[in-house]
Amino acid sequence: MTNVGYFRTFAAYQDADPVPAGTPSVKTLDYYFEHNREAMDFANLYKVESPDDDQKKMFHYTTAINPEQNQCGNTIAVLYTGNIIIVQKSDPQLLVDIQKGVEEDDGRYTKHPKDMINEGGILAEIYNFNNLAAYNHNLRHFGLEEVYGLLGIHADGIMFNYELRIEHDTSTS
């Protein structure tokens, strides 16, 4: 499995899918998922209509693929780095909460980025998914930012960088 397959599987994961006993439940929605090979090339966002429903949109970009080899030259793992943007339909009439005179419950931060960042949000869902017995790869995220109305698409959410190390099954080699 590659990083694209990993995040595509996460985006499609439902609670109804069989979960191995003793693993945390993942409550992700059926996200719209799109991958682009170019590092942070936002051109593919232009192809996506403004979100007209409440489905979360997940945009994935691979920035580097670094195979790790053992002394015999066999690939034992691959370290993928990239960027993820997750957004959801927003109301462009709302202001960002930190702007003067906006009640916290009515602001754009509270409507989407806050829920994605907080405990139980999308980041927690990704890590819970990662901890399923079928995956359990070395995953970390960094550089988390809020995004509002990215490139004129009326959607708000989060953007972050990640590193995902996927070990190859060497038992069959």
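**Fold, helix packing and buried residues in a predicted model**

The protein contains four helices and five strands. Along the sequence, these elements follow the order α-β-β-β-α-α-α-β-β. The model is a predicted one. Its mean pLDDT is 75, and 66% of the residues reach a score of at least 70. Confidence is highest in strand β5 (residues 155–167), with a mean of 91, and lowest in helix α2 (residues 108–111), with a mean of 74.

Of the 173 residues in the protein, 40% are buried. The accessible surface amounts to about 9,600 Å², and carbon and sulfur atoms account for 47% of this area. Among contacts with a separation of 6 or more, 62% are between residues 24 or more positions apart.

The packing of two helices was examined next. Two packed helices are described by the angle between their axes and the distance between the axes. For helix α1 (residues 3–12) and helix α4 (residues 122–130), the axes come within 11 Å and cross at roughly 115°. Helix α1 is therefore roughly perpendicular to α4. On the side of α1, the contact is made by Tyr6, Phe7, Thr9 and Phe10. On the side of α4, the contributing residues are Ile122, Glu125, Ile126, Phe129 and Asn130. The crossing of α1 past α4 is right-handed.

Phenylalanine 7 is a residue of helix α1. Its relative accessible area is 0%, so phenylalanine 7 is classed as buried. Leaving aside neighbours within four places in sequence, phenylalanine 7 is in contact with Phe33, Met58, His60, Ile84, Ile126, Leu139, Tyr162 and Leu164. Phenylalanine 7 and phenylalanine 129 are 122 residues apart in sequence, and their C-alpha atoms are 9.9 Å apart in space.

Valine 4 also lies in helix α1. Valine 4 has a relative accessible area of 16%; because the cut-off for a buried residue is under 20%, valine 4 is buried. Apart from residues up to four places away in sequence, valine 4 touches Phe33, His35, His60 and Thr62. Of these, Phe33 and His60 are also listed among the contacts of phenylalanine 7. A separation of 8.6 Å is found between the C-alpha atoms of valine 4 and tyrosine 61, which are 57 residues apart along the chain.

Leucine 164, one of the residues touching phenylalanine 7, is located in strand β5. With a relative accessibility of 0%, leucine 164 counts as buried. Neighbours within four places in sequence aside, the contacts of leucine 164 include Asn3, Tyr6 and Phe7, together with Val78, Leu79 and Tyr80. Asn130, His137, Asn138 and Leu139 are also in contact with leucine 164.

Tyrosine 13 is found in the loop between α1 and β1 (32–36). Tyrosine 13 is buried, with a relative accessible area of 5%. The C-alpha atoms of tyrosine 13 and tyrosine 31 are separated by 8.6 Å, and the two residues are 18 residues apart along the chain.

Definitions and conventions: Residues are numbered from 1 along each chain as its sequence is written. This is a predicted model: local features need pLDDT of at least 70, side-chain atom pairs count only at pLDDT 80 or more; totals for chains, interfaces and linings use all residues. Side-chain values use heavy atoms; hydrogens and water are left out. pLDDT is the predictor's confidence in each residue, from 0 to 100. Helices (H or I, at least four residues) and strands (E, at least two) are DSSP runs, numbered from the N terminus. Buried means under 20% relative accessible area, exposed over 50%, partly exposed in between (1.4 Å probe, protein chains only). Contact means heavy atoms within 4.5 Å. Accessible areas come from the Shrake-Rupley method with a 1.4 Å probe; for residues, only the protein chains shown count as cover. Axes are lines fitted to C-alpha atoms, for helices over the stretch in contact, and angles run from 0 to 180 degrees between N-to-C directions. Angles under 35 degrees count as roughly parallel, over 145 as roughly antiparallel, 65 to 115 as roughly perpendicular and the rest as oblique. A crossing is left-handed if the near helix is turned anticlockwise from the far one by less than a right angle, and right-handed if clockwise.
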